[in-house]
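Thanks for coming, everyone. Let me put today's structure up on the screen, and then we can walk through it together.

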Amino acid sequence: MKLSIAIAALTASAANGQATDAPTAICIESWRYQDQASWDSTLIPAFEAKHPNIKVTFAPNLDGSAAYYDQLPKQLANGTACDLITARPFDTSLELFNKGYLEDVTDMPVLDNFSKTAKTAWQTDDGAITFAVPMASVITGFIYNKDAFDVLAIETPETQDDFYAALDKLKEDGTFIPLAMGGAGDFAHAYGSEKGFMSIGPNYWKGEEGRLALLDGSEKLTDEQWVDPWRQLLKWASYTGDNGMSLTQEESMELFMSGAAAVYPVGSWELHDLEEGVNGTFPMGVFKPPVPAEGNQCYIQDHIDMAMAMNAASPHKEAAQTFLDWVGSEEFSTLYANELPGFFPLSTFKVSVDDKLQNDMISWREDCESSIRPFFQFLDRHDPTTTAQSFTACGEVINGVKSPEEAAAEMQAVLETWYEPQMATKPSPFTPPSLSSAFTAVAFKGFGTTFAAAILAALLE
């Protein structure tokens, strides 16, 4: 009996010792199933080489972004979610934090590696609490066929006049369709807003200065600096060829990749697909949104898009925090930028990307001031959201259904019905609109309407 007890004690002791020495296993939730190979082959091995006592698994939702938005809150509620959560910007993640699902990481020193703007999307409304470590942004501009420009001796446009001179030259020559931009379908309208209005707009409303002025009510969507970008989009339509406005987003992208069109409004997330589609048949270059006049400060849409949060119920918080520390490092920024094309690090480290088009695009940060999409903070707390309204407005403007002035006035009128700083009589003091239960139901799917939710899912695939 004593021997049996002794053996049992030794077995338990050995088991305890093995348990103590065993690596801590943590996993990462994400909608980006396309990134599995990069995490498995490069990012995770780099982390584990420095932290062999922690084993990491990238466990994305294989059904994509729409399923992720639907299932993640349920997983967090029933305790089946991973230790680390890939977080969308602003209200989508704020709602999770408000429900107690995400950990407060405000005191993590690694957050000093990020600008105030970069952290904005994962903070409480008053900016007092941060609940995620920023990871990546996306940038918009233009991609062009270098052969088309070279044969007509067109210089890369710097100003609005340069841009239209280039398009006029292409149109007059007739060899290439000047601009590949579709006008048919909700997806085309969404991209027209995100890669058109929101891309060139910061040069007119002066980036963050104008965005914040819209939030505090000192600027309106009917002001010239907010209407002018719509006027430019209307003008673009005349350069899209005889059937340009009948093309879908996918068809306009194919038009550019075929070599038939010379210029394409581009999001950085599309660069990899464009390079694969063109497959070296012609050289490409990128240029930033032209400024209205020579000598103007340039601004770019450098939209904060993705972060990493910690599950507040994780049983492995120490290991999860170690991983978050690494996410905020220069090593992670460099690896991530090169492994995941078109998603640029949000850290303040200067990162070089091997791909020339992407490196050129990220270099715009050196000369231009960065700004985020204008409506994502506070202004999408209504159904339909202001972002969704901008999608509709884009389709109406480029197809000649409404004038730029009419579209802007309609958006402003809606804003004045619910957003306090834009009301004729502003309650004081101002409190950002709350995330009501009614809003939450639609906000977690993206933009507050059925078609916009579907568009968002497609954009994030």
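A bit of housekeeping before that. This is a predicted model, where local features need pLDDT of at least 70, side-chain atom pairs count only at pLDDT 80 or more, and totals for chains, interfaces and linings use all residues. Residues are numbered from 1 along each chain as its sequence is written, and side-chain values use heavy atoms, with hydrogens and water left out.

Okay, disulfides. As a reminder, a disulfide is a covalent bond between the sulfur atoms of two cysteines. Here the rule is a pair of cysteine sulfur atoms within 2.5 Å, and by that rule we get two disulfides.

One of them joins Cys27 and Cys82, with the sulfur atoms 2.1 Å apart. When I say helix or strand, I mean DSSP runs numbered from the N terminus: H or I with at least four residues for helices, E with at least two for strands. The link of Cys27 and Cys82 is left-handed, at -110 degrees about the S-S bond. Both Cys27 and Cys82 are buried; for us, buried means under 20% relative accessible area, exposed means over 50%, and partly exposed is in between, using a 1.4 Å probe and protein chains only.

The other disulfide is Cys298 to Cys368, with S to S at 2.1 Å. It also links distant parts of the chain: Cys298 is in the loop between β7 (284-287) and β8, Cys368 is in the loop between α17 and β10, and they are 70 residues apart. This link is left-handed too, with -100 degrees about the S-S bond. Cys298 counts as buried because its relative accessibility is 9%, and Cys368 is buried with a relative accessible area of 5%. Counting bonded cysteines along the chain, the pattern is 1-2, 3-4.

Now to the charges. Side chains of opposite charge can pair when their charged atoms come close. We call it a salt bridge when a side-chain nitrogen of Lys or Arg is within 4 Å of a carboxyl oxygen of Asp or Glu. How many salt bridges does a search of the whole structure find? The count is 21. I'll show you a few.

Take Asp125 and Arg381, whose closest N and O atoms are 2.9 Å apart. Asp125 is in the loop between α5 (116-120) and β4 (133-145), while Arg381 is in the loop between β10 (369-371) and α18 (386-398), so the bridge links parts of the chain 256 residues apart. Are the two partners buried or exposed? Asp125 is partly exposed, with a relative accessible area of 33%, whereas Arg381, at 7%, counts as buried.

Next up, Arg365 and Asp302 meet in a salt bridge at 2.7 Å, N to O. Arg365 lies in helix α17 (residues 364-367) and Asp302 in strand β8 (residues 299-310), so this pair ties together parts that are 63 residues apart in sequence. Arg365 counts as partly exposed at 23% relative accessibility, and Asp302 is buried at 6%.

Lys356 is exposed, with a relative accessible area of 54%, and Asp360 is partly exposed at 24%.

There is also a network of salt bridges, linking Glu224, Asp228, Arg231 and Glu405.

Last part: two single residues. Ser390 is found in helix α18, and at 0% relative accessibility it counts as buried. Its side chain makes a polar contact with the side chain of Ser193, at 2.8 Å. A polar contact here is a pair of N or O atoms within 3.5 Å; within protein, one must be able to donate a hydrogen and the other to accept it, and residues adjacent in sequence count only if both atoms are side-chain atoms. Leaving aside neighbours within four places in sequence, Ser390 is in contact (heavy atoms within 4.5 Å) with Ser193, Met198, Trp230, Phe375 and Met411.

And then Gly244, in the loop between α11 (224-236) and α12 (249-257). Gly244 is buried, with a relative accessible area of 2%. Again leaving aside neighbours within four places in sequence, Gly244 is in contact with Met181, Gly182 and Gly183. The C-alpha atoms of Gly244 and Ala184 are separated by 8.8 Å, and these residues are 60 residues apart along the chain.
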